[in-house]
Amino acid sequence: GMRQRVMIAMAMSCRPRPLIADEPTTAVDVTIEAQILELMDVLRAETGTSVMLVTHYLGIVAQHTERVVVMYLGQVAEVAPTPALFREPAHPYTQGLLDSLPRPESTIETLRAIEGSVPDPLHRPPGCPFHPRCPRVMSRCREKAPPRLQIGPRHAVRCFLWEKP
């Protein structure tokens, strides 16, 4: 944890315009995680640096970002302001990620999981990369990749479900 804090401080001391923090809190306890994220927030506010967090931890995303890019198999599935993404996820993958999180108010005894496995990136499926695991797959999903569709202010998704007839 201390090494991660030192690396972040060193990177921020150079006053970068963008700082890409790839899994900055991996393998640290929650106390160190909170300190690292607080350090990044303070330094970002003081220097005006944009920070790109690359993480699988949706709690960190919810608390420390303004905008989210959800990726699946190396491709953008959805882009939205953070509150919009958590309030109204549009892509079935994003919905699956959020449905898999435990919620204190929930009475559900088992968590939902996204069925199947991530395909081999060297042998990508044709069409939408998520179609082999998608609960709402349609025939055209298997044939061609969906276009980027604007569905709200600063909210875009790559999914045929949002195509207008």
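**Exercise 1. How many helices and how many strands are there in the chain, and what pattern do they follow along the sequence?**

Solution. 
- The model is a predicted one.
- Its chain holds six helices and six strands.
- Read along the sequence, these elements give the pattern α-β-α-β-α-β-β-α-α-α-β-β.
- The C-alpha trace spans about 50 × 40 × 35 Å along its principal axes.
- Of the 165 residues in the chain, 35% are buried, where buried means under 20% relative accessible area.
- Take the contacts between residues at least 6 apart in sequence: 45% of these join residues at least 24 apart.

**Exercise 2. Work out the order of the strands in the open sheet, and explain why one side of S3 and of S5 is left without a neighbour.**

Solution. 
- Four strands make up the open sheet, and their order is S3-S4-S6-S5.
- The pairing in this sheet is antiparallel.
- S3 (67–72) and S5 (148–152) are the edge strands; each has a single partner strand, so one side of each has no neighbour in the sheet.
- On average, neighbouring strands of the sheet are turned by 25° against each other, direction ignored.
- For the pair S5 and S6 (residues 155–158), four bridges join the two antiparallel strands.

**Exercise 3. Describe the largest pocket: what is its volume, and which element gives the most to its lining?**

Solution. 
- The volume of the largest pocket is about 1,100 Å³.
- Its lining consists of 35 residues; Leu53, Val54, Thr55, Val68 and Val69 lie nearest the centre.
- At least two lining residues come from each of S1 (18–22), H2 (30–47), S2 (50–54), H3 (58–64), S3 and H5.
- S3 gives the most, with six residues.
- Sorted by class, the lining has 21 nonpolar, nine polar and five charged residues.

**Exercise 4. Describe the second largest pocket by its volume and by the classes of its lining residues.**

Solution. 
- The second largest pocket has a volume of about 200 Å³.
- Among the residues that line this pocket are Pro92, Gln95, Gly96 and Asp99, along with Arg112, Glu115, Arg133 and Arg136.
- The lining divides into five nonpolar, two polar and five charged residues.

**Exercise 5. Search the whole structure for cavities of 30 Å³ or more: how many are found, and which residues lie nearest the centre of the largest?**

Solution. 
- The search finds one cavity of 30 Å³ or more.
- The largest cavity holds about 90 Å³ of space.
- Of the 15 residues in its lining, Pro92, Cys128, Cys134, Cys141 and Cys159 lie nearest the centre.
- By class, eleven lining residues are nonpolar, two are polar and two are charged.

Notes
Residues numbered from 1 in each chain as written. Predicted model: local features only at pLDDT ≥ 70, side-chain atom pairs only at ≥ 80, totals over all residues. Heavy atoms only, no water. Pairing = 2+ DSSP bridges. Axes fitted to C-alpha atoms, helices over the stretch in contact; angles between N-to-C directions. 1 Å grid on protein atoms, 1.4 Å probe; cavity = no way out; pocket = protein on both sides within 12 Å on 5 of 7 lines; lining within 4 Å. Points joined across faces, edges and corners; volume = space filled by probe spheres on them. Nonpolar A, V, L, I, M, F, W, Y, C, P; charged D, E, K, R; others polar. Buried < 20%, exposed > 50% of the residue type's maximum accessible area, 1.4 Å probe, protein only. Contact = heavy atoms within 4.5 Å.
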